[in-house]
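Welcome! Please look over the sequence and the structure below before trying the exercises.

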Amino acid sequence: MAAPTTHQAAEEVRALVEELFAGLDHLPYYAFLGITPGATPGHIQEAFYRRAEKLHPDRFFNLSDLELRNQIYEVYKRVAEAYRVLESPAARKEYDEGLARGQFRLIRQEREGLNLKQPDEGIESPQAKRFFRLGLDALHAKDLKGAHMNFTFALSMEPGNAVIKAQVADLEAKLGLKKRPG
Amino acid sequence: MSAPIVLGIDLGTSNSVGAVMQGDRIIIVPDAEGNRIHPSVVSFHPSGNVICGHKAKARRIVDPENTVFSTKRLIGRRFSSPEVRAVRARAPYVIKEGPSEQPMIATRGGEFTVPQVGAIVLNYLKQLAEVHLGQPVAHAVVTVPANFNDGQREATKAAGRLAGLEVLRILNEPTAAALAYGYGKSLQSRIAIFDFGGGTFDITILRLQQRIFEVLATAGDTYLGGDDIDLRLVDAMIQAFLTVHGIDLRQAPLAVQRLRAVAEQVKCQLSDRARAMVRVQEIAHGQGGAALDFSFSLTRDGMNAKVVDIVDRAFVVCDEALRLAGTDVSQIDDMVLVGGTTKMPLVRDRVRQYFGKEPRADINPDEVVAVGAAIQGATLMQDVGAGERPKALLLDVTPRALGVATVGGYADTIIQRNAQVPIEQNRIFTTSADHQTQVVIQVCQGESRRFDENTALGELKLEGLRAARRGEVRIVVTFEIDTDGILRVKAKDEETGNTQGATIHVLGTMTEAEIQAAMPQDAGGRAPGQE
């Protein structure tokens, strides 16, 4: 039986995972792959394969220690991310520049607000929009009745609008205005 | 204590195969007649019995309205999608719209969601395995085409659960094939898996380094399969009959159904011989009600000429996969052929021409995927002695880009196509209106710049945001694709660290509540029977 060796290796994995998990917020990609910043592309692939053999979540599919399993999963995702970035010369260059400024992870700058739908998107009439906004303000102030009134006004400006209807129905349910069948 | 048995299942459009690994031995699960591949067909018999496999396939001709097939083309698809419309136009069984925009199949046995029909096939394989092995089987690895999207994967997983199986992994079919090919061989090579099945075509390029199987790229065409070849032959037959008898068989769904079976026969015969001849009795009635038979003869060259354009579409996809993998065709050391359509000599010839070498001939294209699934199942169950090296390690990719809707109808890519899984990408969202307490983010799969040219997956809703001036609330949304290729989403308020509720409702498949309600032996759920 190779029990002691297995045990040793398990402890080694645990120590590595704990170290890398604790470093998720400050360790550079190089640490996750276990290489130096001067590593050649060949080294990077080799290092990734070594890490994958050690840390891939599939290896710990049946591990009963759920906390450790979760840590392994989080660490492995970063290992794979490190490989993905460092493997591409262009991305690696971008990463190294960021790293010099203290950014340990490559996250591209986002354009703000662009990804969101306006809450009043889908409402055509300016009047309906205005009352709808007032309704939202009332809702924010926890004034359900006021909100209901404003949304109902909005709906009368633009009858049949699904966005407004949904708000009205929601409030009617909350205020118990709707008669329940049966 | 030995690890539990894991059933590897290739749930195919036309046929399904089950395999298990016992020790180092692979067993393909046979039915009572000894068949190793089982038609993915479910027939609802007038007696109330539900029939599966070969016996069900035989009922396609006598009871077409209640014999359901090719449902893999429907799985995870919205009722309004072109895919569902295409199946509805051809299928002799009734497809209706059900809840969550999913297609429902109406038969004399009742109405079923697509995962429920899939569950019947999976349960059939489970039972065959249990009978053959003489022990219960509760775990499975189920394969899907590499280009299956999130909804299709979720729906397949749901089918497994409804069949009473714990699905350990949703595995890409070509990756499974690669595993079956390279397992235990300690190879160092680049291979191409050319997977031409009944309903879809996939090509996957892998780098093998001893036990590591790294997928470099995968590409596919979900509209390309052996069924298209059958349909082309059916068209030819209909045309021939029209010319001779002046009768359009298209008006007779039953006749078309019979011709489909004949077309498949002709195609298979022409794999072994140069000429096929078939005679179909009483296909139609002529003047005065006289029964008309139909004779049809076709040479292999004749068939090839009719379908070569279909086959050649596969190589456009191959070009793309090689480009994505950064690999030249000359760097491919070996090609593995998967799927029934690769048995056609025309396909083999074209593969040989394209890759400039002979494809592997020692691999059974019908069984290789299920074998790979069984190997993956056994590997996952391998005892986690951390000192032991894994027998095989799959490093797979996500076949599609994941994006979100932005203003003006555009899509912003969040996760690139062919990125290795598991993967996570963060994106910061800010509110765009004062007091905005909820946001809806539309999520899609695909690479097009325009949102509506991609496949809409569903909407991600973030609720309970801090009410503040617009732009003040910054939410970090983490999009994650797990090892099953399934999307998970987390959201966190950057300033407060509060985690937001983030749910994604994937359209075209069953909701969790619907699955729970449909679970057969779920102790917590209501029993479907009434007393």
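Predicted model: local features only at pLDDT ≥ 70, side-chain atom pairs only at ≥ 80, totals over all residues.

Residues are numbered from 1 along each chain as its sequence is written, chains are lettered from A in the order in which they are written, and side-chain values use heavy atoms, with hydrogens and water left out.

**Exercise 1.** Describe how chain A and chain B meet.

Step 1. Start with contacts (heavy atoms within 4.5 Å): 40 residues of chain A touch 54 residues of chain B.

Step 2. Turn to the buried area, the accessible area (1.4 Å probe) that two parts lose on being put together, summed over both. Here that area is about 4200 Å², and carbon and sulfur atoms give 52% of it.

Step 3. Look for salt bridges (a side-chain nitrogen of Lys or Arg within 4 Å of a carboxyl oxygen of Asp or Glu). The two chains share five. One of them pairs B:E424 with A:K77, whose closest N and O atoms are 2.9 Å apart.

**Exercise 2.** Work out how chain B is folded up overall.

Step 1. Find its extent: the C-alpha trace of chain B spans about 80 × 55 × 50 Å along its principal axes.

Step 2. Check contacts in chain B between residues at least 6 apart in sequence: 64% join residues at least 24 apart.

Methods: Rg over C-alpha atoms; globule rule 2.2 N^0.38 Å.
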